[in-house]
Amino acid sequence: MSFLAQLRQQQPEVHEGLKLCYLIETIGISDFICIRLFLAELKLEQLIEIIKPYKLQISHLLHPPTFISQKDCELLQLFVANDNWQQGKNNELVGKIGDDCLKKMIDTNRCYWKCKGQAWKKISMKSRVSVQPTWQVSINGRYQLKWQAELDIGRVLLLKYNNEKIIFLHESSNSISLTKKDLTKDAYEKIKQIKSDIPIEEIENFLLQNEQQWRQLKLPLPKMLAEYSEASQINPVLLLANHHDSKHGTGGKLELFFRYVGEQYCFVVSPEECEEKHQYWNGRQVCFLKRNKVEENKCYQMLTSIVDEFLSLKDKCQWYAKEKLIWYDFFTDSVSALKNKGFDFRIESNFLFHYVVSEQWEVEICKKENNKVSLELYAEIENKKISLNSLLRQLQVFNREHAVEDATLTLSDGRLLLLPADGFNGLMSELADIFINNGKFELSPGQVSRLFNIKQQLPESTNWKGAVELLDLATSLYETPQVIEKVLSGVNAELRPYQWLGVCWLQHLKKCGVNGLLADDMGLGKTLQTLAHLSLEKTENNLIKPALIVAPTSLIHNWAAEISRFTPHLNYKVMHGEKRKHAWKKLNSYHVILTSYQLILNDLEYWKAQSLSWMILDEAQQIKNTKTLISQAIRQIKSDFRLCLSGTPVENHLGELWSLLDFLMPDCLGSLSEFKHYFQKPIEADANEERMGQLQLRISPFMLRRTKEQVASDLPPKTEIYQSISLNEEQLSFYEKQKQIEYCELEKNIQDNDNAGQRQILLLTALLKLRQVCCDPALLKRPDIKSAKRIHCISMVKELVSENRKILIFSQFTKMLDLLASDLDDIKISYLQLTGQSRNRQQIVDKFQQGQSSVFLISLKAGGVGLNLTQADTVIHFDPWWNSAAEQQATDRAHRIGQGNPVFVYKLIAENTIEEKIALLQQRKAQLSQHINRQAQLSGEQFALKLEDLMNIWQQEISK
């Protein structure tokens, strides 16, 4: 309704420009008409818009408003004078309306009619039409008595009004003809007594009762028709529809019907209907189709045996479900079985639980101009291909990090598409972090390997289209590397089977055009595997450009020695010292170049201009922090391929692993913020095993990690022994006094400090002093107080040396090592010492390996990496360190390939002190880490020490 019409309706007393109109409509699909009164807007006698219904008011007859003409008054007065007339709901004229009234309505030139779906048309009056009753046979084989008009009046609609009047409406001329009936009143009354239709089996009885009287009244009689019994085919049909009632809830219903199909006719019947047969008229004879009750019962029993499992509530032949998930199971487990047994399904268009299954899944891979790869997912349903990308945003898994139980998508027509049950949540997890706002799934070049994981979650029959060569590449990355003949390596060493497999793996990555992280345990020979790989590269003439090996300064000498020992045919250059500046122009004549991380930073502009075949980072955890200058410098150097070596790719937190892999394969784990949200937080904070498994699968093509337990079966056992040491009375008193001092300092400084970093430093400082007291009060300038742990350690060393043991003693405090050295001097036991200040590092190591000393004092930081100390069979950790990974690396200096004796590891813990809390924290975090890393085999170490861990330890210590 227009704004003007609405405004007029709000002001019912203003009718300027409107006219009273008489509207004739057909009712539904029947042949009855109704007449209604409306105020409407006209233009040249054409009805423009119906404004509002008109309710007849007596006052209007006395003082007619502008919209009522003189003709209208005369007509309305006839209505009022007629006691049988009244105006019902919707302004409909109810009661007997005489022919005179109908004529006067048409004479106003404001009488309009329409059939359903058509426009309003002005109607006129034609001359009367003669009509006669006649018998007709309906399509369902029943006799009906109808009025038939003259044959020459054209196409007409036979209409009724006032329950007895009959008019003809001429569609071609938009006119009405009143009818005249040449029948007596008795004949007309007799016709009104006939019911609407008469079954064929009742016609004979009808003739016996009425033939004589009807002939006298000159009424037509029905003729007996030929009958024919026709064979039919039965087909069970299941109707699924919505329902709502207090008894069965709102879960939808299933109803059984049977469809019988003959030569020209079919009918549908409920099993509860009593009719034994159905009939129809084919224009010549009445045909009968008989029901097959025996077959109907078989179908009913078959249906019951299947659906009773899901739809337990039955009402005759209707089954109900109270819950949506019941229909999920029904469509998943029963629909196909019922279809195979001949059942057809008819499902209401608005059925809320209409699940459908895709006949075929399809994935199209598209390369984009920005080198990214987009995926388009399709499902084929009833031979129609439907894109799923925009639909998948319906799923909660793209908004929340949890599995989806109801794996469905709502199609545009309301149907629910069942997604693959097996692997569905795995598929959604694979797609969730690459879903972008425009409904696309987009992979960066470094993430192409994920196509293999996506393929694993889809049905085997999935059709892959587009750039399928990328899928082939992804698949090859997960294949077992081809084993190469060892003789081709040219290495002067017998590589163990796992070491040669590592070399083959590196070659496999190179052929696939990707980079990798060799993350074997400390001591399993990563250096040797790398040199064997480079030797193969030279054999195949792939070292035309040099390979750059970047290592900590302390390991440069070791690399040079290993190259000379195992691959002397590889000429190398050590870029170290002032003279290195003269070698830049000659670097292309070498196979291998060695330099340190710090010198990379100093010489960055030279390296950025240098062509390299490989860039290999030893102890690659050096770039674990992307914000450091060294890490940023390393990433600016270009090379054909990159390789990282690290026995501890995760020392403190998973962000370190991201840094290494992002250097190797940019974007393979997404951005750092995406990685933290999707992997790091769920794994570290929530110990999410499923997310850990996804991470392991994601990185497995690019990372190879073997532990000693897995590959070195001939490695001697390692025994860890915790020794609890009681502090003497004087030392314990000093410890408690120091704790009180630190408590007061913390109370003063930490309460009003909201900076988490500063609070952590304050806590670490307080705890550090307590740890120093546990080691030796001399570290806090109280040499007058004897150290129980120091006395215990020296006593152990004396006994172990007498048993010809070779001992490594680690401490994070270099001053503590000096104190132990002084004690060893006093008791005439020879020792070597290695700290960050030591020069000629390799010479010191060689002396120990040659047996020149029984004891090796090593600072934890200086001796954590790059040392081969297989001469030692005993390791003593004088004090516990926060990060058990550092302790583990130190232990692995002795427990590595080449060790022939059992290794004993002693951890000295001061009883009832902060050291016990640290040891418990180590165990707790190591257990969590091991639980996670059993799946990923990333590292057996703990994650980062957090502020809340420190606060917890401090509270435990001060509250005892």
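Reply: Helices (DSSP runs of H or I, at least four residues) and strands (runs of E, at least two) are numbered from the N terminus. By that count the protein has 30 helices and 42 strands. The model is predicted, so local features need pLDDT of at least 70 and side-chain atom pairs count only at pLDDT 80 or more, while totals for chains, interfaces and linings use all residues. Residues are numbered from 1 along each chain as its sequence is written, and side-chain values use heavy atoms, with hydrogens and water left out.

Of the 960 residues, 52% count as buried (under 20% relative accessible area; exposed is over 50%, partly exposed in between; 1.4 Å probe, protein chains only). Among contacts (heavy atoms within 4.5 Å) between residues at least 6 apart in sequence, 66% join residues at least 24 apart.

A nonpolar core is a set of buried Ala, Val, Leu, Ile, Met, Phe, Trp, Tyr and Cys residues joined through side-chain atoms within 4.5 Å. The largest such core holds 71 residues, and those touching the most other members are Leu 534, Trp 607, Leu 617, Ile 634, Leu 657 and Leu 695. Helix α19, residues 654-664, contributes the most to this core, with 7 residues.

Apart from its neighbours within four places in sequence, Leu 534 is in contact with Leu 543, Ala 547, Ile 549, Leu 570, Val 592, Trp 614 and Ile 616.

A second, separate core has 37 residues, among them Ile 794, Ala 821, Phe 878 and Ala 910. Ile 909 is buried because its relative accessibility is 7%. Leaving out residues up to four places away in sequence, Ile 909 touches Tyr 722, Gln 723, Ser 724, Ile 725, Pro 880, Glu 915, Glu 916 and Ala 919. The C-alpha atoms of Ile 909 and Ser 726 are 8.8 Å apart, although 183 residues separate the two along the chain.

Cysteines may also be buried. Cys 644 is buried, since its relative accessibility is 0%, and Cys 73 is buried at a relative accessible area of 5%. The number of disulfides is 0, counting pairs of cysteine sulfur atoms within 2.5 Å.
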